[in-house]
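Colleague: I am new to this structure and would like to learn how its features are read. Could we go through them one by one?

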Amino acid sequence: MSFLYNLSLYLVAAVLRVVALFNPKIKLFVAGRKNTFELLEQNLNPTDKVIWMHAASLGEYEQGLPILEKLKTNYPDHKFLLTFFSPSGYEVKKGKTPADIETYLPLDTKENARKIVALVKPKMTIFIKYEVWPNLLSQLREQQCPTLLVSGIFNQKQVYFKSYGGFLRKALENFDYFFVQDQNSIELLRRIGYTNSSISGDSRYDRVTQIVEQNNSLEFMDAFLQGKNCIVAGSTWPPGEALLADYINKDKSNYKFVIAPHNIKEQHVESIVNSLKVPKMKYSELDLEAIGQTKVLILDTVGILTKVYSYADIAYVGGGFETGLHNTLEPAVFGIPVIIGPKYHRFIEAIALVNNKGVISVKDKIEFNTTLSQLVDNPTERANLGRANMDYIFKNKGATDQVVAYINKHL
């Protein structure tokens, strides 16, 4: 199996180079990795003490951020390396993180693994949530580098728990410790012989509680709302956008709406604009003098949705009618009710918030319209549901402190 794994990596690399000629995202994936080793050589000295955090993409970075920030404070004499696997993480966050060095993680070939570990010589390596790279993990173990999986989540469908999953199952032995999100993950790990784990919860709870405490004011949102109530629809996909457009076009209330689509390509944004029969404006064409006269603002940009949620009275989070639910914690922490689609059962934080009654799952247009109208008309219900969300999130913070306490003992 090891031979097949390593062979597949070389085949994947070859295919990606061809696909990169036609796909902009894959082009970034390939091109970004060309400079990884050069960047490390330029920015690391043999005497540097390095703490290395790896995140697959943007969501995992947000999970790891509270830990990174706290370690940065605790260990000012260390350098911090942050690697990403996906362009959707690296390209959004490069130059904007607390890390000293940011780069792509090379593909997990044996040669790349040996080279990057030899260059970095990390004193501690932290992987966020799902990332398991057998060759890299093996090299870290060989160099006796303490290695953690943080905010891990395991389920029965993963390959580690299948009869044919021996190769990747064995790769898990290279982790010194697993900080996981739930009891089910603990039991699954124990079933395959790993007892070096504990429930820390999800460090995203720590991250979103930090967001509440930051300055979230936005001049354009103040100009847009002019004191009126607001519904923010974040990370939307076409099926959800169709529901929103239908509702907005019939809405007689004084509410205003923000739509932040997952896909901000011009053609898709224009399809949203054309579906709306009310005054609207795109963020890319922002006019602070005229924006107050519009009913809908379309965020055809990235990086500001979290702050926009702070203005919402109600939120809708996309993905639950489509491929996979987006982040429900970011709006929920502001103490507002959140509406989602029916496909949320792979996300334990969404399950918990639905069970806690602050997040409402709807299955179709009728339920969507009814639920949204009820929340619009009932401020007391909005407040109660929002309080349930905020209370639950603050009750479940603390993963960062557990992880950092472990690191303090073992670094």
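Colleague: Which residue does the UniProt annotation "active site" cover?

Modeller: A word on the source comes before the answer: this is a predicted model, in which local features need pLDDT of at least 70, side-chain atom pairs count only at pLDDT 80 or more, and totals for chains, interfaces and linings use all residues. Residues are numbered from 1 along each chain as its sequence is written, and side-chain values use heavy atoms, with hydrogens and water left out. UniProt positions are given in the numbering used here, with shortened feature names, and annotations may be inferred rather than shown by experiment. In this case the annotation, from an unreviewed entry, covers Glu60.

Colleague: Where does Glu60 lie, and is Glu60 buried or exposed?

Modeller: Helices are DSSP runs (H or I, at least four residues), as are strands (E, at least two), and both are numbered from the N terminus; Glu60 lies in helix α4, residues 58-74. Buried means under 20% relative accessible area, exposed over 50%, and partly exposed in between (1.4 Å probe, protein chains only), so Glu60, at 15%, counts as buried.

Colleague: What does Glu60 touch?

Modeller: Contact means heavy atoms within 4.5 Å, and, leaving aside residues up to four places away in sequence, Glu60 touches Ala55, Ile128 and Lys129.

Colleague: How many aromatic pairs does the structure hold?

Modeller: Rings of Phe, Tyr and Trp (its six-membered ring) pair if their centres lie within 6.5 Å, and planes under 30 degrees apart count as stacked, over 60 as edge-to-face and the rest as tilted. The structure holds 21 aromatic pairs. In one of them, Phe154 and Tyr160 have ring centres 5.8 Å apart and planes at 70 degrees, so the pair is edge-to-face. Phe154 is buried, with a relative accessible area of 3%, and Tyr160 is buried as well, at 9%.

Colleague: Why is the pair of Phe220 and Tyr283 edge-to-face?

Modeller: The pair is edge-to-face because the planes of Phe220 and Tyr283 stand at 70 degrees, with the ring centres 5.1 Å apart. This pair links distant parts of the chain, since Phe220 is in helix α11 (residues 219-225) and Tyr283 in the loop between β10 (280-282) and β11 (296-298), 63 residues apart. Phe220 counts as buried at 6% relative accessibility, whereas Tyr283, at 26%, counts as partly exposed.
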